[in-house]
Amino acid sequence: MPDVTMQVWRGDAGGGALEEYQVHAEEGEVVLDVIHRLQAGQANDLAVRWNCKAGKCGSCSAEINGKPRLMCMTRMNIFEPGEAVTVAPVRTFPIVRDLVTDVSYNFEMAKRVPAFAPKPREPDGTYRMSQEDVERLQEFHKCIECFMCQDVCHVIRDHEDNKANYAGPRMFIRYAELEMHPLDTVDRRPLLRGQAGLSYCNITKCCTEVCPESIHITDNAIIPLKERVVDSYYDPVAWLGRKIRRRGRRKATG
Amino acid sequence: MSTVQETTATPVVIDGVRGGPPVRTLRRDRWWVGPVLVVLGLSAFAAFSTWAAFRGNNYYVGPSMGRDYLSPLYSPCIAQICQYKNDAIVGSWWTWSPAILVLVFPLGFRLTCYYYRRAYYRSFWWAPPACAVADARPRYTGESRFPLIIQNVHRYFFYFALIFAGILTWDAIAAFRFPGGIGVALGTLVLVVNAVLIWGYTLGCHSCRHFCGGNLNSFSKAPIRHWLWRRLSILNGRHMFWAWASLIWVALADLYIWLIAIGAFHDPRFI
């Protein structure tokens, strides 16, 4: 494979620019391999965060030719021969240096998610869940926290002021996982409607498009959560149904 | 069950300096093709359906032509001014096109549909025009405020959409009626395909999926609803296909019936 032209963003909070390098690339390599070769040979001080090189740790998120991608899962042969490859830090989070950003926003938002609070145990001291209930939640457990869904979400990518009141797609997966859990006892819908900012999402599905784990974030987490919020706040028929069921239950228990 | 209204808001870094070039996008692919196609497709449908809805004539091919076809844009035809049948529930005071009386329901269903929302937010609103391409406007509150908070009425339009799917199915069955008995013509097939596509779109709706089982936490306690949810999830996975196919076919069905009604095309009968 001939040398490739890499345009890598170099800089920090004080400013920066795309710098161009000619780097050797081998057959079958991924962008992270080339970045490592660049770091080893031409730019020893290049800051890049990485860990597993297997698409499972979520550390090496970057914007490659403008699209959020994992560097370790982006093969070099997807680019046209002679095409320059642009590698920039993820846009939504504050820059630390070069390709490394401060993703602590996500961890602060994670702290706001009310924790799992299970029902009392069964008389035999166990918890039981059926397989079909487990399967639905397994999809959400695939999240590797690469935060590319958070990065691409225009609610915070293009509107910094929304960050204070918007949990973002990754956290909505977490909310969905807890809200749909058959053993959980907490109702997070008021929080979703208010502080978590679910209604800021206009379901443009970019989070789903960039997810390296192919989690159907919009269809299986965000929209079902929106529908649950509608159940509670915007649907008088559902409200009446709940009232009747509750009254029936009260009568039945005397 | 305990309800959490709010939690202690831990502070987040706002206005941190971002890295990367300060440009609207670094994408080099043709990201604009999708939004352009959606604008063209939806604009073409809007223009056609406006003409078709205000046309007010040639929307029914009746027994005088040996057929029983009603345009899906005019079904159910509930005004006395209608060109066929006499089960009108709106009196002679209504003198405009009868399509205007009913189109608000399918139109509302599609306007508030989660797929179409994605399509027009991206293509017309540019919020955002494509993934990792900057929004066109500096401020954004999503669907949290009026008027977009009204999108939450989608499920009501879904209830009406079920009724409309039933009516269009009846229209398709009626299209098998010929003066000499039961038969099949090209128009029959057009209306049958229309009904199938409308059902595919309606049952694949996210609100339907939620209503039929998605709102459960324990599938194991409601096996029938779980079964239904799994089937509807398959349809839902192709919601975009059903949305476009049903939209285009409704327009084609109306066009076909109009062409027969004005005598520009002879409807071939197969059986």
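A note on the ground rules. This is a predicted model, where local features need pLDDT of at least 70, side-chain atom pairs count only at pLDDT 80 or more, and totals for chains, interfaces and linings use all residues. Residues are numbered from 1 along each chain as its sequence is written, chains are lettered from A and ligands numbered from 1 in the order in which they are written, and side-chain values use heavy atoms, with hydrogens and water left out.

Next I checked the contacts (heavy atoms within 4.5 Å). I found 67 residues of chain B touching 76 residues of chain A.

Then I turned to buried area, the accessible area (1.4 Å probe) that two parts lose on being put together, summed over both. The two chains bury about 6,000 Å² between them, with 50% of it on carbon and sulfur atoms. B:R18, B:R28 and B:Y140 supply 13% of what chain B buries against chain A, more than any other three residues.

Last, I looked for salt bridges (a side-chain nitrogen of Lys or Arg within 4 Å of a carboxyl oxygen of Asp or Glu). I noted 9 between chain B and chain A. In one of them B:R28 partners A:E83, with the closest N and O atoms 3.7 Å apart.
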